[in-house]
Amino acid sequence: MLRPLLFLCALIAPTGAQWSYQQTFNESSVVDISSCPITYYGQQYEQLYVNITSGNVTVCFNGFFNPETGGDCIVERSLGTESFYFQTYSNYYDYCYFYIYFNNMYLVHYISGTQPYLYSFNYISDPTEFELQVGGTTVDTVNVTAYATYYFSISGCRHSGQMYRPGTVISSDPQTCFSLTCNETAVLNTSSCGALERCQGNGICTLDTMLASTCTVTGPTVINVHGQINSIQDRCAYSLFSTPSLPDFLVLGNFRDRRRKDVSFLDSVTLRVDGHDIHLEQGGRVQLDDSTLTLSSSSQLVHGVQLSKDQTGVTAELTNLNISVFFDGDTAQIVLEGSSVEGLCGNSSRSLSDLRLSEYSSTSCEMQYSETADTTIDCNSVTERCNLLKEAPFSSCNSDIDPEPYITACTNTLCKYPAVDGLNCQFLKAYARACSLHNHALDGWTSKTGCSSEAFCQDRTCSDHEFCGEKTVGGDTRCFCRAIFASKYQENNSFGDPTVCMQDSASVTLVGCLLEDKGLDYSALHLNDPTCRGQVDELTHMVTFGFNSSNSCGTVVTTNNSELIYKNTIMTQNSSSDIITRHDQVYIDFSCVQTQPDIKTATFRIRDSSVIQHITSGVWDYTLIMKAFTDAGRTQAVESSTEVQLNQKIWVELKTDGLDGDMVAVVTDSCWATDQPSPDSSPRYDLIINGCANPADQTVQVKDNGLGTSNYFSFNMFEFTGGSGEVFLHCKLHVCPKQNNCVPTCPGAARRRRSARSKYEGEAFISMAWTH
């Protein structure tokens, strides 16, 4: 009788399945299902309470069946049983189910996706009925006919002991402001007034001013819960809210400069929760430690913080702590229970330096700057604008929220800093929102002031050295350089950092926001070779141009005494029209100056095969090899056993490894022989003079000199009369920019232009000797 069910299990059981040992029960029993727990209408259980009676079988989850007290039970009518079998099944993919078999009837629990189901199969001709009860109330009845299979869902949601079916929506009760939704996948969502709010009886939650206090941080000003103000003069991080009872929780404000070095603004807010940092930044960006979160108007729970975002800004709520933090990129408003808090938002007797948080601040954040006053600012007009907070419709809120701290913050800032980047509305908006938190709608304030309630620069992300501002007042926005960051470039009239030079490459990085300040689009810039464009870093907005040995990008190489100069130019794209020009042509030169390497003299005995020198000089890192051969193809190297005869022709190759052959060539200036190891010893016999074969010795031939990174020459073997029998060969070389035509002009050859040098740059000597 078990064969059909076992066949079903064999079909659906994947590799790695595990069956528990089948157990047989003859009386009412409690069965452990912790390995395959059941979620019964929104409530999870790990035990079954199975009652055996002559009239029915009951399977309950929170105690044995009792018709009087009720419970969460499945009641089978009419069949009854004397015993039942029980078995569980699981696999390695977190999939499991259990089944009960009694009187030729199977009752199987399984999960499809995330939803729990029951499965029943009747093997006999007698019909039966299942009642599904929650708290003693029948919520479903399933009639099982003979030889029939039934699947029935047991999905649902529970709230306050009540069961709700998937798809249930209970609209907000206007008296309690409570709403409930059990969605189609049986996920429960509820909403009600926050811990610091109360229901107005019309479905609207408002701040309970008897319980809550508000702290506003806008621009450089902190208006604490008592209406007192502090002004931040530096660019450090400060504690806004903390309490000794919650050592793992802290709200801090980070202040940074923008267009002026001497005025700071609240730049971001950080919530430190259980060792994690949640950063609320300009543009509505929210970061958890080093990762960026994607938020919407629906709350997302992150380490106990409910985060949501809309067109006005980002809200972070800690319902268990009765704290709400709102940030729109410019203004932070913290709503908290009572006024007994520490930090700038509370009644702290600690100084600003005590509340400064060095671990969240830059090393030079305390440095003070001064700048010339902005003579274009009309402070009288600014004061008149700020005093709108005393007029309608703001005046309706003045009795609950004192406008004077907001007016002071407004005038102190705008009498010193230009009214751009939404500042003309920022302080008005901050006061209006504080009023709305205290149940004052201030109808029409935006139309009267020409302001918007939406967040300024929403969804625009700038780098750490930038801030978001207006291109024109009321116009489009873009990322601007912070004043302190930009000043180091402006003092040098530059667009970026010095050139980074390597042996065979160079790069220069320009600051994207500085280019934009001049109306330059980085995509329209290129090097001497128009195909070489800048690469922009999407995170920092820095633009890098460069060249290397595989692509010189039109780099020009010149010499100056002992220096090689690699030069390229960043320039604007040529206009497609010769009639009009919309921007000035831009030429940004950058270069690398490299001192040519100096090579010491080395002695080479021909029986020791060759001279190999590894040369490191500044950015140069290469190998120079001098080797002798007995054949013109330079395949038969002179070895220790080679016999060298007088007047035998010898080929000597000078080869480098590690130099860029597309950019430079190696020129052998001179080679000479002595009978002593020192190149300055006497007698001396010249083989190569000024890059050419000694005209007095017709056996000398010079090949490929100045064409690439290697050359060679040949001569007939000789010895010094009356000498020791040893001959030492010395050569002097230099590196030449290839575009200068480095091939020496020799008598009897086609006249070539010599590279212009005041002397042999970076003279290189290499010597070898042999015994005849």
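Author: By a contact I mean heavy atoms within 4.5 Å. Please keep in mind throughout that this is a predicted model.

Reader: Fine. Which residues of α3 meet α4, then?

Author: On the α3 side they are Val382, Thr383 and Cys386, and these meet Ile407, Cys410, Thr411 and Leu414 in α4. Sorted by class, the contact of α3 with α4 has five nonpolar and two polar residues, with no charged ones.

Reader: And at what angle do the two axes cross?

Author: The axes of α3, residues 379-386, and α4, residues 404-414, cross at roughly 155 degrees and come within 9 Å. Angles over 145 degrees count as roughly antiparallel, and therefore α3 is roughly antiparallel to α4. The crossing in which α3 passes α4 is right-handed.

Reader: What about α4 and α5, how do they pack?

Author: Helix α5 covers residues 423-437, and α4 packs with α5 at an angle of about 170 degrees, the axes being 10 Å apart. That makes α4 roughly antiparallel to α5, and α4 passes α5 in a right-handed crossing. From α4 the contact uses Tyr406, Ala409, Cys410, Thr413 and Leu414, while α5 contributes Leu423, Phe427, Ala430, Tyr431 and Ala434. The residues of this contact of α4 with α5 divide into nine nonpolar, one polar and no charged.

Reader: How many residues of α4 are buried?

Author: Eight of its 11 residues are buried, so α4 is largely enclosed by the rest of the structure. The buried residues are Pro405, Tyr406, Ile407, Ala409, Cys410, Thr411, Thr413 and Leu414.

Reader: Changing topic to loops: where does Gln368 lie, and is this residue buried or exposed?

Author: Gln368 lies in the loop between α2, residues 352-355, and α3. Its relative accessibility is 52%, and because over 50% is the cut-off for exposed, Gln368 counts as exposed.

Reader: What does Gln368 touch?

Author: Leaving aside residues up to four places away in sequence, Gln368 touches Gln233 and Asp234. Gln368 and Lys261 are 107 residues apart in sequence, yet their C-alpha atoms are 8.5 Å apart in space.

Reader: And Leu295, buried or exposed?

Author: Leu295 counts as buried, at 15% relative accessibility, although Leu295 lies in a loop, between β31 (291-293) and β32 (300-302). Not counting residues up to four places away in sequence, Leu295 touches Val286, Gln300, Leu307, Lys309 and Val314. The C-alpha atoms of Leu295 and Arg285 are separated by 8.8 Å, the two residues being 10 apart along the chain.

Reader: Stepping back, how many helices and strands does the protein chain have?

Author: The secondary structure comes to eight helices and 56 strands. Of the 772 residues in the protein chain, 48% count as buried. Among contacts with a separation of 6 or more, 58% are between residues 24 or more positions apart.

Reader: What is the mean pLDDT, and where does the pLDDT stay under 50?

Author: The mean pLDDT of the protein chain is 82, and 85% of the residues reach 70 or more. Over residues 1-17 the pLDDT stays under 50, and for that stretch the model has 30 contacts beyond four places in sequence. Residues 750-763 are also below 50, and this stretch has 40 contacts in the model beyond near neighbours in sequence.

Key:
Residues numbered from 1 in each chain as written. Predicted model: local features only at pLDDT ≥ 70, side-chain atom pairs only at ≥ 80, totals over all residues. Heavy atoms only, no water. Axes fitted to C-alpha atoms, helices over the stretch in contact; angles between N-to-C directions. Helix = DSSP H or I, 4+ residues; strand = E, 2+ residues; numbered from the N terminus. Parallel < 35°, antiparallel > 145°, perpendicular 65-115°, else oblique. Left-handed = near helix turned anticlockwise from the far one by under 90°. Nonpolar A, V, L, I, M, F, W, Y, C, P; charged D, E, K, R; others polar. pLDDT = per-residue confidence, 0-100. Buried < 20%, exposed > 50% of the residue type's maximum accessible area, 1.4 Å probe, protein only.
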